[in-house]
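Student: I have a structure open and would like to go through it with you. Could we begin with a helix end and work from there?
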Amino acid sequence: MSSEPRSRSPQAPKRGASSRADSVRRSFDSAKAALADRDLRDVHLSAPTLRRGLLAVAVGAVVAALVTLFITGFDNEKGLEAHNPAAPAQPLLDKEFGTASKGDCLSWTKPDRADLVKVNCSSKHMFEVAADIDMSRYPGKEFGPGSRFPDSLRLTELKEEHCVPAVQKYMGGRFDPRGKYIVGLMYPSPDGWQHGDRTLRCGLQVAASAGTPPSVGSATEHDQSRVYEPGVCLGINQNLPTDPVDCAQPHAVEIVSTVDLSAHFTGGPPAKEEQDKFVEEECTRTSTEYLGAPDVIRNKTLTLFFDYIDARSWMAGSRKLDCMIGKGADREGFAPITGSARGDILINGQAPVPPPNSGRSTPAPLPGAAPLPPQPQPR
């Protein structure tokens, strides 16, 4: 989501170049191909490369989950029948949704969002509106009276065509595509559509592999870095990190600290090598403080992970990265860990066996953990 200290193994998420999904797909394919090649177990790979490769695999599943959320997350069987120009006599089932405009924040507690209300953005909310777009004003028959409700593919296209640029504009061109927020689309239900509602609401919501976590404060005022508090554990599904869970539950990684790069780099985006060196030093120091001793990671056969902030994220204002610990799986992704690393843990249901003492204070990189070379998600 380190330069040459090859002592700590695989690393964290890597930020994509062109399209987030495309870059993740390339990393995922490369990682799988590399893991399939047993000869790679004898090839020396730098700690940063190993770390990024392993967590790049994790980003793929998170991106896939988020794409589904973008498109289906706000459909409602009862309908969000907002303003109803084609049938003004019909009841407005959701007045709040129908009057939401740029800068408004929306919240709800019920799964079907039947209690959706506008709230002050300084309060907890689920969605921040960046633009409301009345598609009935567009020429052609696609959005005219009696037109067919768009399918999920078309809604995906509408989000890309209208919401992505709308969010970029709303954020003043400083939207981090790998940060804590994702571009969301709220749209009328089929019933609302049938009654004439053609308004799309584009906005931002907190990224998550499931559900819609609340946010506090406007996205326009926040560092968009996707970071968590120390002691948070990220769950695991199919060997990949998910959302925060109790550390007593199976998880992929545990957050040990957050590094603020703005304290060290004050100009433009730092070179990857410089960033790696600084972050690895900070993560090594803070992990020792968090765990209480420098040899805990080695004795519990864990790995220290961290991410890299690319130029796009840096220019959007993101400056923070998480340091996290986990265990690379034999084939790909992460092994499930139960318990906090501050105490007793189980890895794949077994207590870790400390490696023989070779005089090293830190573990060597895990051979072939998932090479290559861009979160998870890390975030």
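This is a predicted model: local features need pLDDT of at least 70, side-chain atom pairs count only at pLDDT 80 or more; totals for chains, interfaces and linings use all residues.

Student: How many residues does H6 have, and what span does it reach?
Tutor: Helix H6 covers residues 272–291, which is 20 residues. From its first C-alpha to its last it reaches 27 Å, close to the 28 Å expected at 1.5 Å a residue.

Student: Which residues of H6 are buried?
Tutor: The buried residues are Gln275, Asp276, Phe278, Val279, Glu280, Cys283, Thr286, Ser287, Tyr290 and Leu291. As background, an α-helix has 3.6 residues a turn, so residues three or four places apart point the same way.

Student: Take Gln275 then. Why does Gln275 count as buried?
Tutor: Gln275 has a relative accessibility of 1%, and the cut-off for buried is under 20%, so Gln275 falls in that class.

Student: What is Gln275 in contact with, leaving aside its neighbours in sequence?
Tutor: Beyond four places in sequence, Gln275 contacts Leu261, Phe265, Pro270, Tyr308, Ile309 and Leu321.

Student: Changing topic to the sheet: in what order do the 5 strands stand?
Tutor: The order is S2-S1-S4-S6-S5, in an open sheet with antiparallel pairing. Strand S2 (117–119) and S5 stand at the edges with a single partner strand each, so one side of each has no neighbour in the sheet. From one strand to the next, the twist averages 40°.

Student: Which strands pair with S6, and over how many bridges?
Tutor: Strand S4, residues 127–134, pairs with S6 in the antiparallel sense over 6 bridges. Strand S5, residues 181–186, is also antiparallel to S6, again over 6 bridges. For orientation in the viewer, Glu128 stands opposite Leu204 in S6, and Tyr181 has Val206 in S6 as its bridge partner.

Student: And S1, how many bridges join S1 to S4?
Tutor: Strand S1 (residues 105–107) is joined to S4 by 2 bridges in the antiparallel sense. Leu106 has Phe127 of S4 as its bridge partner.

Student: What lies across S4, S5 and S6?
Tutor: That is helix H4, residues 152–170, which runs at about 125° to S5.

Student: I keep clicking on Val129. Where is Val129 placed, and is it buried or exposed?
Tutor: Val129 is in strand S4. Its relative accessible area is 0%, so Val129 is buried. Outside four places in sequence, Val129 touches Ala100, Ser101, Lys102, Gly103, Asp104, Leu106, Tyr170, Cys202 and Gly203. Ala100 is 29 residues away along the chain, and the C-alpha atoms of Val129 and Ala100 are separated by 7.3 Å.

Student: Now the rings. How many aromatic pairs does the structure hold?
Tutor: There are 5 aromatic pairs. One of them joins Phe149 and Tyr187 in a tilted arrangement, 6.2 Å centre to centre with 50° between the planes. Phe149 lies in the loop between S4 and H4, and Tyr187 in the loop between S5 and helix H5 (190–194), so the pair ties together parts that are 38 residues apart in sequence.

Student: How do Phe149 and Tyr187 count, buried or partly exposed?
Tutor: Phe149 counts as partly exposed at 24% relative accessibility, whereas Tyr187 counts as buried at 4%. Together with Phe143 and Trp193, Phe149 and Tyr187 form one aromatic cluster.

Student: Which charged ends sit over Trp rings?
Tutor: The charged end of Arg198 sits over the ring of Trp193, 4.2 Å from its centre. Over the ring of Trp314 sits the charged end of Arg319, 3.8 Å from the ring centre.

Student: Last one: what do S8 and S9 form?
Tutor: Strands S8 and S9 form a hairpin with 2 residues between them, and Gln238 in the turn has a positive phi of about 55°. Strand S8 (residues 233–237) runs antiparallel to S9 (residues 240–245), joined by 4 bridges. Cys233 has Val245 in S9 as its bridge partner.

How values were computed. Residues are numbered from 1 along each chain as its sequence is written. Side-chain values use heavy atoms; hydrogens and water are left out. Two strands pair if DSSP finds at least two bridges between them. Axes are lines fitted to C-alpha atoms, for helices over the stretch in contact, and angles run from 0 to 180 degrees between N-to-C directions. Contact means heavy atoms within 4.5 Å. Rings of Phe, Tyr and Trp (its six-membered ring) pair if their centres lie within 6.5 Å; planes under 30 degrees apart count as stacked, over 60 as edge-to-face and the rest as tilted. Buried means under 20% relative accessible area, exposed over 50%, partly exposed in between (1.4 Å probe, protein chains only). A charge sits over a ring if NZ of Lys or CZ of Arg is within 6 Å of the ring centre and within 35 degrees of the ring normal. The expected span of a helix is 1.5 Å times one less than its number of residues.
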